[in-house]
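I opened my notebook to look up how one protein chain is put together. Come and read along with me.

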Amino acid sequence: MTSAGRRPAWWSASVTRAALHAIPPGGARDRWQQELISELYGLSAGQQVRHTLGVVTRAPALRAAVTGRDRIIEENIMRKPIRCRLHLHKFLVASTEDGSRFLRCRRCGKEDPGLGAGHWAGSLGGGGSA
Ligand SMILES: [Zn+2]
């Protein structure tokens, strides 16, 4: 008998399985149960205690991640570059058909209505590096 193939203690597998009932029934719960119980194989008794406590304490966060509403709008958010989501746009000068100029983000296309012509023109190209 090697420790690598040792089966998890009954209490460890049972508590892990029970804690994951925080996740609604379905594929997500089944996957998490399989994964987290399989991680118990080969662990010492002390490691099983730590692993099981970790699952119990993180089960609510796992539930929130699985059932969160933000999963629904994830697709839209993912299309926008992360720096733009943090309002760190890369504004460049663009011009309309009639020749007036404005600032538009190179990455997401957001236009900056806050700065009028002349306000920014003087600072462009001046460089900030010493
Ligand atoms: Zn942007």
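Here are my entries, from the overall layout to the core.

**Before I start.** I am looking at a predicted model, where local features need pLDDT of at least 70, side-chain atom pairs count only at pLDDT 80 or more, and totals for chains, interfaces and linings use all residues. Residues are numbered from 1 along each chain as its sequence is written.

**Layout.** I found five helices and three strands in the protein chain. Helices (H or I, at least four residues) and strands (E, at least two) are DSSP runs, numbered from the N terminus. Along the sequence I read the pattern α-α-α-α-α-β-β-β.

**Sheet.** The three strands form an open sheet in the order β1-β2-β3, with antiparallel pairing. Its edge strands, β1 (91–95) and β3 (111–112), each pair on one side only. Two strands count as paired if DSSP finds at least two bridges between them. I noted five bridges between β1 and β2 (residues 101–105). Opposite L92 I found R104 in β2.

**Core.** Which residues make up the largest nonpolar core? I listed six: A19, L20, I23, W32, L36 and V55. Such a core is a set of buried Ala, Val, Leu, Ile, Met, Phe, Trp, Tyr and Cys residues joined through C-beta atoms within 7 Å. Buried means that 20 or more other C-beta atoms lie within 10 Å of the residue's own, with C-beta atoms placed from the backbone. Of the 130 residues in the protein chain, 8% count as buried.

**Contacts.** Leaving out residues up to four places away in sequence, L36 touches T16, L20 and V55. Contact means C-beta atoms, placed from the backbone, within 7 Å.

Terms used
A residue is buried if 20 or more other C-beta atoms lie within 10 Å of its own, exposed if 12 or fewer, and partly exposed in between; C-beta atoms are placed from the backbone. Two residues are in contact if their C-beta atoms, placed from the backbone, lie within 7 Å.
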